[in-house]
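Please open the model in the viewer and keep the selection panel at hand.

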Amino acid sequence: KLQEYERLRRKLHNDVQDLKGNIRVFCRARPLLDSESQNIANFKFPKEIPFNRKISLMSTKTNYLGEKKEIFKEYQFDQVFDTFATQKDIFSEVAHIVQSVVDGYNGCIFAYGQTGAGKTYTMTGPTNATPETEGMIPRAVRLIYDIIQDLKTQCWRFTLEGQFIEIYNDNIRDLLVADPSSTNGVKHKTIHDERTGTTRISKATTVDLDCPNTLNQALKTAAHNRAVAATKCNAHSSRSHSVFMIRLRGTNDNSNETRIGSLNLIDLAGSERLSKSESKGDQLQEAKHINSSLSHLKTVIQGIKKDSCHINFRDSSLTWLLKNSLGGNAKVLMLVNISPLESLHYYVAWV
Ligand code: ADP
Ligand code: MG
């Protein structure tokens, strides 16, 4: 009976999903920071933030005379979170994607937006996070952990693993390695197992997430590795994409049923337009890689939306890595982070 109920529940879930489609776009405006209060004259939110799902975003365009012009365009989102939304509010709207990983689905949650708009705050949380301010990664791991503890009473046994990597100039870097200099020159490869529909990265550290302490330790190691990279290049973290990959595999001792699911939590590189003409050397390389990987991501997501049969995932490391978690019945959420300051121009043109 329980199995029949479970089958019906999944069918209903799939039917609802079919009606709504698998890609959602949310918008979150962060509050004004204390350090920004002097700029109060430029303050646009929250008084202008509408409580429906449409929102006007500003960007600047430079014309052929070199004159900057502000343009406003209206965007429709599936959900808009105002500056008062808490980490818990956001998580409660994405929890169903996290839950479905335990049911054997793949999912991707992206944070997209300009540097300083709140992507890292949303995904990881601030440094010295409290239980209220911790981000989506620790919340997601804990929710999965709690569900699989509950399912033990129904004879399910799960393994839960994580990898945390960064894509910088289209190269994959392991964020969980104890000594970051030891990975210099290590070539990581993305491996897709078409039989199970999962992806893993060769030679990157894999941690067992079946105990909450391992997660905390892993997040600390990653933060340390990022800080080391930031000493070499101040803007390092905003110039790279970070991907926290959770893989889950479960077997039922009674029915021998298996479930394999994965969830990727992605903190994208800053979406500000990096001008190739103004950049030189390393910066030029970074600008090229960021612009092209974000535009490949856009092409891939648009292709999935249109059900196109030729989607070129291989065009960038990011889309190749996420191949199995973007297409098919995978659930995708693009969370567009925006800042309340007019002086930070919002480039969200393709959402
Ligand atoms: P990004 O990763 O997009 O560059 P951050 O997440 O680092 O941006 O956010 C920039 C600053 O704003 C940080 O100091 C962060 O703590 C703060 N911040 C971002 N979002 C919020 C929020 N919702 N509430 C409070 N502070 C926030
Ligand atoms: Mg960041």
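Among contacts in the protein chain (heavy atoms within 4.5 Å) between residues at least 6 apart in sequence, 71% join residues at least 24 apart. This is a predicted model, in which local features need pLDDT of at least 70 and side-chain atom pairs count only at pLDDT 80 or more, while totals for chains, interfaces and linings use all residues. Residues are numbered from 1 along each chain as its sequence is written, chains are lettered from A and ligands numbered from 1 in the order in which they are written, and side-chain values use heavy atoms, with hydrogens and water left out.

Of the 351 residues, 49% are buried, where buried means under 20% relative accessible area, exposed over 50% and partly exposed in between (1.4 Å probe, protein chains only). A surface display covers about 18400 Å² of accessible area (Shrake-Rupley method, 1.4 Å probe), 50% of which belongs to carbon and sulfur atoms.

Next, select Gly113, Gln114, Thr115, Gly116, Ala117, Gly118, Lys119 and Thr120, which an unreviewed UniProt entry lists as "binding site". Of this set, Thr115, Gly116, Ala117, Gly118, Lys119 and Thr120 belong to the lining of the largest pocket. Such annotations may be inferred rather than shown by experiment.

Within the selection, centre on Gln114, in the loop between β5 (106–112) and α3 (119–123). Is Gln114 buried or exposed? Gln114 counts as buried because its relative accessibility is 11%.

Move to Lys119, in helix α3. Lys119 is also buried, with a relative accessible area of 7%. Display its contacts beyond four places in sequence: they include Ala111, Tyr112, Asp267, Leu268 and Asn337.

Finally, show the largest pocket, with a volume of about 1300 Å³. A pocket is an open set of points on a 1 Å grid over the protein atoms alone, where a 1.4 Å probe fits, with protein on both sides within 12 Å along at least five of seven lines; lining residues have an atom within 4 Å of a point. The volume is the space filled by probe spheres set on the points, which are joined across faces, edges and corners. Of its 44 lining residues, Thr120, Thr124, Gly125, Pro126 and Thr127 are the closest to the centre. Helices α3, α4 (136–151) and α5 (212–232) each give two or more residues to the lining, and α5 gives the most, with eight.

Definitions and conventions: Helix = DSSP H or I, 4+ residues; strand = E, 2+ residues; numbered from the N terminus.
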